[in-house]
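Hi,

Here is the model I promised to pass on.

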Amino acid sequence: MAIAYADITDVQTLWRGMTEAEQERARELIPIVCASLRAEASKVGKDLDAMVIADNDLAAVAKSVTVDVVARTLMTSTNQEPTTQFSESALGYSVSGSFL
């Protein structure tokens, strides 16, 4: 059984408190993020689970990365482009945006 590098409490402690809907999404996202990290490590011949168990510093990094990816995903809107600001013009055909 693969280990989780972070849990809901870690996300709330290291990022912020979450609504019930955000907590539910985070519960679903955490194993996906962990699997993604595991897959990337496997591509270079590394067993991330074994490495995390053997090294507390690496465990802290894996937790931090997991929380960061979950938080970034939760901040990304699901009903519009993932931007923090946006600008439009008309006849001059100008558009601008800062993406997450």
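Below is what I found, going from the overall fold to single residues.

Before anything else: this is a predicted model, in which local features need pLDDT of at least 70 and side-chain atom pairs count only at pLDDT 80 or more, while totals for chains, interfaces and linings use all residues. Residues are numbered from 1 along each chain as its sequence is written, and side-chain values use heavy atoms, with hydrogens and water left out.

**The whole protein**

The secondary structure comes to four helices and two strands, in the order α-α-α-α-β-β along the sequence. Helices (H or I, at least four residues) and strands (E, at least two) are DSSP runs, numbered from the N terminus. Of the 100 residues, 24% are buried. For burial, I use relative accessible area with a 1.4 Å probe and protein chains only: buried is under 20%, exposed is over 50%, and partly exposed is in between. The protein exposes about 6900 Å², and carbon and sulfur atoms supply 54% of that; the areas come from the Shrake-Rupley method with a 1.4 Å probe, and for residues only the protein chains shown count as cover. Among contacts (heavy atoms within 4.5 Å) with a separation of 6 or more, 57% are between residues 24 or more positions apart.

**Helix H2**

H2 runs over residues 20-43, and its 24 residues should span 34 Å at 1.5 Å a residue; the end C-alpha atoms are 35 Å apart, which agrees. The expected span is 1.5 Å times one less than the number of residues. There is a bend of about 30° at Leu-29, and a proline, Pro-31, follows within four residues. That bend is the angle between axes fitted to the seven residues ending there and the seven starting there. After H2 comes Gly-45, with a positive phi near 75°.

Which residues of H2 are buried? They are Glu-22, Gln-23, Ala-26, Leu-29, Ile-30, Val-33, Cys-34, Arg-38 and Ala-41. Their cover includes helix H1 (8-14), helix H3 (48-54) and helix H4 (56-75).

Glu-24, in H2, is partly exposed at 41% relative accessibility.

**Helix H4**

The 20 residues of H4 should span 28 Å at 1.5 Å a residue, and the end C-alpha atoms are 28 Å apart, which agrees. The buried residues of H4 are Ala-62, Thr-66, Val-67, Val-70, Ala-71 and Leu-74. They cover an arc of only 160° around the axis, which puts them on the same side of H4; the arc is that of the directions from the helix axis to the C-beta atoms. What covers these buried residues includes H1, H2 and H3.

Asp-55 caps the N-terminal end of H4, with a side-chain oxygen 2.9 Å from the backbone nitrogen of Asp-57. A polar contact here is a pair of N or O atoms within 3.5 Å; within protein, one must be able to donate a hydrogen and the other to accept it, and residues adjacent in sequence count only if both atoms are side-chain atoms.

Is Thr-66 buried or exposed? Thr-66 is buried, with a relative accessible area of 0%. The side chain of Thr-66 reaches the backbone oxygen of Ala-62 at 2.8 Å. Leaving out residues up to four places away in sequence, Thr-66 touches Tyr-5, Ala-6, Ile-30, Val-33, Cys-34 and Leu-37.

Elsewhere in H4, Ala-60 is partly exposed at 44%. From Ala-60 to Ala-6, 54 residues away in sequence, the C-alpha distance is 9.1 Å. Val-69, another H4 residue, is partly exposed at 36%. Val-69 and Ile-30 are 39 residues apart in sequence and 8.8 Å apart, C-alpha to C-alpha.

Tyr-93 has a positive phi of about 50° although it is not a glycine. Tyr-93 is exposed, with a relative accessible area of 75%.

Cheers
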